[in-house]
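Hi there,

Here is the structure I promised to pass on to you. Have a look at it first, and then read my notes below with it open beside you.

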Amino acid sequence: MTESALSIPHARKGPRRSWRKYVAPYLFISPFFISFLVFGLFPLLAALYLGFHQWNGMEAPQFVGLKNYVRLVSADGFFRQSVSNTLVLGFMCLVPKLILALLVAVGINSGLILFKGFYQSAYFLPIITSPVAVAIIFLTIYGQKTGILNWVLTSVGLPAVRWLEEPATIKPAITLMIVWHEVGWYVVLYLAGLQAVPQELYDAASVDGAGSWARLVHITIPTIAPVILFTVVIDIIGELQVFAEPFVLVGPSGGTGRAGLTMAMYLYQQAFVQMKLGYASAQAYVMFALIAILSLLNIKVFGRGTR
Amino acid sequence: MTQTTKRSNRSTGSRRLEKQLKRAILYFLITGGALLCIFPFYWMIVVASRPSSQVFNFPPPLLPGTLFVENVQSLLASIPYVRAYGNSLFYALTVTALMLFFDSMAGFAFAKYEFPLRDTLFTFLLTTMMIPGTVTLIPWFLEMKWFGWINSYAALIVPNAVDAFGIFWMRQYTQGAVPNELIDAARIDGCGDFTMYSRIALPIISPALGALAILTFLGHWNNLVGPLIIMNDPMKFTLTVALRTLVGLRLTDYGALMAGTVGAVVPILIVYLAGARRFVAGIAAGSLQGV
């Protein structure tokens with residue numbers, strides 16, 4: 001409440017060079033930067049440091065150079081499996097999730113459908129539910145030999161599947177659950193993106209006799225390409241860190257044949273069960289690198305010409 | 001609805017019929033998808049109100065039973081559920097309140113002040129969003145241990161009291177919603193910086209605060225990894241961690257487990273359907289800004 005030393009900040013670059021007018025904005029933004037230093041940057045650097053050490057959390061960390069990384073890449077079959085599991089799962093989830101979401105969003109937005117709000121809400125319900133609850137619900141849907149999903153399958157003449165017991169079906173089971181859980185988030189994002197597509201474009205295309213498919217491919221998708229790219233990138237970042245859903249659905253070890261063991265689960269196991277803190281930190285950095293590479297690759301490959 | 005010019009151009013009968021058919025198919029598909037989205041919630045209620053022995057019956061039970069209360073009792077007997085519920089509420093609400101405050105204040109500063117390095121700092125802030133949480137998990141845990149925060153909610157609350165996405169979102173909203181003239185006028189009247197934020201900006205940006213509140217609350221109410229690592233005292237478990245302990249037991253009591261899940265899920269669904277819905281579009285639009 002002091003006098004006008006804190007002048008009108010956004011309006012003036014004037015001669016008043018008093019540093020005092022900067023005190024308030026710096027104070028206002030300082031919590032984030034303090035928090036980032038303590039809880040973000042420090043752990044990031046500490047993880048880098050730990051990655052070059054062997055440490056069980058008790059005795060002093062032992063410097064081992066690149067040994068952790070070498071072992072991860074060349075000698076740890078479980079790690080390699082967790083990476084391939086995560087990449088395969090990520091791809092299996094991402095593709096149907098985004099395609100379904102786009103089709104549903106285009107359908108809801110098409111002007112042929114009433115009760116848009118109702119449909120949007122219905123598709124959004126799963127995503128507000130916790131992964132733990134979702135996994136518990138799906139645990140009972142998959143069942144063992146029996147279960148409601150197998151009942152549906154056998155009713156239409158298909159064989160029953162031991163969803164959570166066979167290595168071959170664990171990934172599809174996790175995929176189905178994650179697609180169900182997250183598709184609504186992308187429906188809502190695409191619906192928001194579709195608001196930016198000018199109606200005149202569609203009108204003009206209709207006059208030219210373009211069908212719905214042509215309009216989707218030639219107008220909708222190119223116009224919201226940046227939104228699609230954005231969803232691909234955030235989905236990859238999320239999928240590569242997937243933890244809670246498989247952790248609860250098939251258990252901490254990843255189920256039969258470790259078919260559901262993801263990178264984040266293996267990291268958790270190594271760090272907090274085996275107490276190999278240095279080794280797990282190296283894993284964290286390999287994950288970081290993978291996420292960064294895949295995100296950049298996407299932006300490079302698909303980002304061309306969308307901006 | 002049908003603002004396409006198609007209709008006026010050539011509204012032959014076959015075209016209209018084709019359009020009706022298209023609409024029917026579309027309704028069928030979209031409604032089918034919506035039902036698939038809703039069905040697992042219905043199934044959750046069916047399981048929660050039946051004896052565990054019936055869950056995997058062939059054919060499965062398709063209608064809710066009468067044993068919900070019994071399942072709740074068996075749930076309460078097996079884990080400190082009420083305690084976990086309170087813990088989750090306390091944790092999610094506290095983080096939400098703190099985050100709303102710190103994020104909106106920082107968003108206000110980035111939106112309405114000019115100061116050296118402002119844009120650099122903001123870009124830096126956006127960059128930090130790219131750091132995957134899993135990378136810092138181990139050292140974060142060690143840091144919490146070092147602080148003596150194992151089994152303490154401080155470990156879950158303090159590091160999450162302010163975050164980059166919220167600041168980004170509040171800044172975008174504040175920039176558009178709070179008129180500069182209003183701030184100038186307030187300043188000329190001798191209004192201090194904090195008062196300007198709390199008395200002028202806050203009321204205007206309350207819709208954005210609502211959206212951020214919902215997103216933050218959900219994120220922490222649903223969080224598993226953090227509480228799983230920090231809490232090893234069952235009385236300190238959050239709902240997610242407590243429910244997880246019931247999974248994978250040799251004889252999982254599915255009725256009780258599902259009753260606990262209903263408790264964790266249904267209030268959220270009700271709040272969402274009762275009013276939080278309208279914020280969702282806002283969040284989506286917000287996160288697309290700058291795309």
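**Chain A on its own**

Chain A has 13 helices and two strands. Please keep in mind as you read that this is a predicted model.

How spread out is chain A? Its radius of gyration is 25 Å, while a compact globule of 307 residues would come out near 19 Å. If you put a box around its C-alpha atoms along the principal axes, that box is roughly 80 × 70 × 40 Å.

Where they touch, 13 residues of domain 1 of chain A are in contact with 12 residues of domain 2 of chain A. On the domain 1 side of chain A, the elements that give two or more residues are α1, β1 (53-54) and α2 of chain A. Which of these gives the largest share? That is α1(A), with four residues. By class, this side of domain 1 of chain A has six nonpolar, six polar and one charged residues.

**Two helices crossing inside chain A**

Next, find helix α2 (residues 67-74) and helix α13 (residues 277-302), both in chain A. Two packed helices are described by the angle between their axes and the distance between the axes. For α2(A) and α13(A), the axes come within 9 Å and cross at roughly 65 degrees. The two helices α2(A) and α13(A) are therefore roughly perpendicular to each other. The crossing of α2(A) past α13(A) is right-handed.

Which residues meet here? From α2(A) come N68(A), Y69(A) and L72(A), and from α13(A) come G278(A), Y279(A), A282(A), Q283(A) and V286(A). Sorted by class, the contact of α2(A) with α13(A) has five nonpolar, three polar and no charged residues.

**Chain B on its own**

Now turn to chain B, where there are 14 helices and zero strands. Reading along the sequence of chain B, you get the pattern α-α-α-α-α-α-α-α-α-α-α-α-α-α. Chain B has a radius of gyration of 25 Å, well over the 19 Å that the globule rule gives for 291 residues, so it is more spread out than a compact globule. The box filled by the C-alpha atoms of chain B, along the principal axes, is roughly 75 × 75 × 35 Å.

The domain assignment gives chain B a domain 1 (6-71) and a domain 2 (79-245). How far apart do the C-alpha centres of these domains of chain B lie? They lie 37 Å apart.

**Where the chains meet**

Finally, look at the place where the two chains touch. Here 84 residues of chain A are in contact with 91 residues of chain B. On the chain A side, the largest share comes from α1(A), with 17 residues. That side of chain A has 63 nonpolar, 20 polar and one charged residues.

To see one part of this in detail, follow helix α1 (residues 23-51) of chain A to helix α6 (residues 137-147) of chain B. The axes of α1(A) and α6(B) come within 8 Å and cross at roughly 110 degrees. These helices, α1(A) and α6(B), are therefore roughly perpendicular to each other. Here too there is a right-handed crossing, with α1(A) passing α6(B).

The contact uses F39(A), F42(A), P43(A), A46(A), A47(A) and L50(A) from α1(A). From α6(B), it uses I138(B), P139(B), W140(B) and E143(B). How do the residues of the contact of α1(A) with α6(B) divide by class? There are nine nonpolar, no polar and one charged.

Enjoy exploring, and write back with any questions.

Best wishes

How values were computed. Residues are numbered from 1 along each chain as its sequence is written. Chains are lettered from A and ligands numbered from 1 in the order in which they are written. This is a predicted model: local features need pLDDT of at least 70, side-chain atom pairs count only at pLDDT 80 or more; totals for chains, interfaces and linings use all residues. Axes are lines fitted to C-alpha atoms, for helices over the stretch in contact, and angles run from 0 to 180 degrees between N-to-C directions. Angles under 35 degrees count as roughly parallel, over 145 as roughly antiparallel, 65 to 115 as roughly perpendicular and the rest as oblique. A crossing is left-handed if the near helix is turned anticlockwise from the far one by less than a right angle, and right-handed if clockwise. Two residues are in contact if their C-beta atoms, placed from the backbone, lie within 7 Å. Ala, Val, Leu, Ile, Met, Phe, Trp, Tyr, Cys and Pro count as nonpolar, Asp, Glu, Lys and Arg as charged, and the others, Gly among them, as polar. Domain bounds come from an automatic or database domain assignment. The radius of gyration is taken over C-alpha atoms; the globule rule is 2.2 Å times the number of residues to the power 0.38.
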